[in-house]
Amino acid sequence: TAIGLCRILDRKMRYPGIVVPLGGDMVSGNIHEELQATNELNTMPTVLDLYDHLAGAIKLLADAFGKVFLPCVTGNHGRDTRKTWAKDRAHTSFDWLLYQFLARHFREDKRVTFYIPAGSDALYRVFGTRYNLTHGDQFRAGGSIIGPIGPLMRGNQKKTARNQAVNQDYDVLLAGHWHSYIHLARMIVN
């Protein structure tokens with residue numbers, strides 16, 4: 001679909017590349033008893049299936065756009081621990097493992113670049129706009145009656161202040177986790 005839509009905008013596909021953020025929760029995981037019983041596949045076969053599908057999709061995008069940049073963060077569902085770890089979060093995640101397998105698969109293909117930080121955020125820049133990709137599970141819902149917008153706004157405010165303090169400002173926060181599409185001036189969710 002991305003290729004088709006971009007071809008409508010420019011039939012000759014004169015794009016410098018495409019950015020494909022992978023925001024975690026690539027697998028449903030077995031983090032709750034209900035998921036253990038209802039997941040179509042267990043975690044390991046899911047990772048293998050995703051690997052095949054994503055490797056093909058990334059190659060297709062590289063063939064169409066010339067370059068593919070994939071910033072990657074882990075979610076909370078792909079973990080192999082009872083609770084999400086703050087320290088060493090990435091190394092307890094099947095999301096991270098999947099990204100590493102994909103990066104190794106494409107290591108000889110100079111058209112494909114992965115950015116897989118060990119922490120929960122991936123800061124990167126596209127044509128002067130600074131992005132912070134995070135999964136979003138760090139933002140707590142509390143008792144809000146306004147849905148995810150309250151926790152997201154508070155979480156973004158905290159991340160903005162934290163990042164400004166260490167000279168790592170960003171312009172737009174990208175988050176998943178909330179299963180809702182929200183597009184604001186400085187935040188894009190799902």
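Residues are numbered from 1 along each chain as its sequence is written, and the model is a predicted one in which local features need pLDDT of at least 70 and side-chain atom pairs count only at pLDDT 80 or more, whereas totals for chains, interfaces and linings use all residues. Side-chain values rest on heavy atoms, with hydrogens and water left out.

With a salt bridge taken as a side-chain nitrogen of Lys or Arg within 4 Å of a carboxyl oxygen of Asp or Glu, the count comes to eight salt bridges. One of them joins the side chains of D63 and R111, at 2.7 Å from N to O. This pair links distant parts of the chain, 48 residues apart, with D63 in helix α3 (residues 43–65) and R111 in the loop between α4 (94–105) and β3 (112–115); helices (H or I, at least four residues) and strands (E, at least two) are DSSP runs, numbered from the N terminus. Both D63, at a relative accessible area of 45%, and R111, at 27%, are partly exposed, a class lying between buried (under 20% relative accessible area) and exposed (over 50%), with a 1.4 Å probe and protein chains only. D63 and R111 also belong to a network of salt bridges that links them with K59 and D109.

A further salt bridge is formed by the side chains of D121 and K159 (2.9 Å, N to O). D121 lies in strand β4 (residues 121–126) and K159 in helix α5 (residues 149–165), so the pair ties together parts that are 38 residues apart in sequence. D121 also forms a salt bridge with R162, the closest N and O atoms being 2.7 Å apart; here strand β4 and helix α5 are linked by residues 41 apart. D121 is buried, with a relative accessible area of 13%, and K159 is buried as well, whereas R162 is partly exposed at 42% relative accessibility.
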